[in-house]
Amino acid sequence: MRSLKIGLIGTGFMGRTHSNAYAQVNKFFDHAIQPALTAVCATNAPKTAAFAAQWGWESVESDWRTLVNRPDIDVVDICTPNNTHCAIALAAAEAGKIIICEKPLAMNADEARRMVEAAEHSGQPTMVSFNYRRIPAVTLAKQLVDEGRLGRIFHYRAKYLQDWTINPNLPQGGNTLWRLDAQAAGSGVTGDLLAHSIDLALWLAGPIAQVTAMTETFIKERRLQDDPDTVKPVAIDDACAFLARFANGALGTFESTRYACGRKNQNTFEINGEKGSIAFDLENAHQLEYYNHADDGLVRGFRTIPVWDGNHPYMSHWWVPGCAIGYEHTFIHQVSDFLDGLERGEKRVPDLRDGYATQLVCDAVLASARTGMWQPAR
Ligand SMILES: NC(=O)c1ccc[n+]([C@@H]2O[C@H](COP(=O)([O-])OP(=O)(O)OC[C@H]3O[C@@H](n4cnc5c(N)ncnc54)[C@H](O)[C@@H]3O)[C@@H](O)[C@H]2O)c1
């Protein structure tokens, strides 16, 4: 079995999901390549050492540049805040490494374009971590669309709702609240949440031609996490809603907020086509709603497909039909698909160029919210 030596940067939320995926993938999938947990890097040295011990990483670095340039590293996996992705990816491309990067790919489309150009120049495979594509119900949705079961698509309707920033006393910035700091995050819900919705929309319904958007920042000032006596304006978008025209003529509506009281991670989409519709909700992730207009009219209606049978995407690798899988499995599927691409010498998506396409839409959304004008999105 060939070893693929991983260098992971970032040991937070995503550092854990990615570490778990590398460790688990060949327990459930049978690849000729085995990821090796070769080196890990993060900002806090004692915490990084503890993380390495807990997850089985063989060595620890304190500077990502050292990790990126280590000759024994094959893959640089970027799980750090958004404002670090570009510099790390450019250095990794320069060093000839395979790049795996968390979403959003970058702070803006200009950074994303430079990352794509550098990676494509290096010739190494890449992947951007839009893991929701790898939920079996979402992969099944893609299969139904590709098989033509919906026919021509008229509508794409997406929501991504959370509620964790409602508290006005929540500070901004620092190690754990960098998502509220525009300097570290680039934007608010647009890059953090809508990037997922946009990626799924581009995958399922094709390119978005133009958008018109509005954003709002409900809590205008917050204390700094690292300096609680200092209060600063909040520069991120707390909520964003936009309309889209797809290149194929379909209409899209997208909404995201972190102020939807009670919604913890509700990521939904509904697609209405000439022959049928499908609908998905991450909070019921093993289900896909499907309506087939060709059904006998007496029994026609939305059906709920429990996507946990052996013939459903990925599911034959897990337990027995009827046993649900969860969030962490999306990352295992992502690594499995990527290893499969490496083994076959085939491109797997979403790669950095797909991440760039999403970033172009995010930039257009933010530009439209600023100008009040429709904006081209590709
Ligand atoms: N795919 C998804 O669904 C998903 C979910 C959450 C986060 N993300 C993305 O993953 C990335 C990381 O988010 P997170 O929630 O894991 O963040 P986090 O705050 O939990 O962890 C960030 C990690 O990066 C490290 N770090 C920060 N600056 C660094 C530097 N200069 N050098 C080395 N290490 C550094 C920190 O020490 C920490 O270990 C972000 O881009 C985020 O948007 C994606």
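Reader: Which residue in β11 stands opposite E216?

Author: The residue opposite E216 is A239 in β11. Please bear in mind that the model is predicted.

Reader: How many bridges join β8 to β11, and do the strands run parallel or antiparallel?

Author: Strand β8, residues 208-216, runs antiparallel to strand β11, residues 239-246, and eight bridges join the two. In general, strands of a sheet pair through backbone hydrogen bonds, in either the parallel or the antiparallel sense.

Reader: What is the order of strands in the sheet that holds β8 and β11?

Author: It is an open sheet of nine strands with mixed pairing, in the order β16-β15-β14-β13-β7-β12-β11-β8-β17. The edges are taken by β16 (303-306) and β17 (375-376); each has a single partner strand, so one side of each is left without a neighbour in the sheet.

Reader: Now the whole chain, please. How many helices and strands are there?

Author: The protein chain has 10 helices and 17 strands. Its radius of gyration is 21 Å, close to the 21 Å that the globule rule gives for 378 residues, so the chain is as compact as a globular protein of that length. The C-alpha trace spans about 65 × 55 × 40 Å along its principal axes.

Reader: What percentage of the residues is buried?

Author: Of the 378 residues in the protein chain, 55% are buried. The accessible surface comes to about 16400 Å², and carbon and sulfur atoms provide 51% of that area. As for contacts with a separation of 6 or more, 69% are between residues 24 or more positions apart.

Reader: And the charges? How many side chains are positive and how many negative?

Author: There are 36 positive and 43 negative side chains, and the centres of the two sets lie 2 Å apart.

Reader: What about T17 in the helix?

Author: T17 also has its place in helix α1. T17 is buried, at a relative accessible area of 8%, and touches Y327 and F331 when residues up to four places away in sequence are not counted. T17 and E328 are 311 residues apart in sequence, yet their C-alpha atoms are 6.2 Å apart in space.

Reader: You listed D77 and I100 as contacts of H18. How is D77 related to I100?

Author: I100 is the bridge partner of D77 in β5. Strand β4, residues 75-78, pairs with β5 in the parallel sense over four bridges.

Reader: Are the faces of β5 covered or uncovered?

Author: Both faces of β5, residues 98-101, are covered. I98 and I100 on one side are buried, as are I99 and C101 on the other.

Reader: One last topic, the backbone. Which peptide bonds are worth checking as cis?

Author: The bond from K103 to P104 is cis, with omega near -15°; P104 is in the loop between β5 and α5. V349 and P350 are also joined by a cis peptide bond, with omega about 0°, and P350 is in the loop between α9 (327-344) and α10 (352-371).

Reader: What is the phi of Y314?

Author: Y314 has a positive phi of about 70°, although it is not a glycine. Y314 is found in the loop between β16 and α9 and is buried, with a relative accessible area of 14%.

Note on methods. Residues are numbered from 1 along each chain as its sequence is written. This is a predicted model: local features need pLDDT of at least 70, side-chain atom pairs count only at pLDDT 80 or more; totals for chains, interfaces and linings use all residues. Side-chain values use heavy atoms; hydrogens and water are left out. The radius of gyration is taken over C-alpha atoms; the globule rule is 2.2 Å times the number of residues to the power 0.38. Buried means under 20% relative accessible area, exposed over 50%, partly exposed in between (1.4 Å probe, protein chains only). Contact means heavy atoms within 4.5 Å. Accessible areas come from the Shrake-Rupley method with a 1.4 Å probe; for residues, only the protein chains shown count as cover. Lys and Arg count as positive and Asp and Glu as negative; His and the chain ends are not counted. The place of a charge is taken as NZ of Lys, CZ of Arg, CG of Asp or CD of Glu. Two strands pair if DSSP finds at least two bridges between them.
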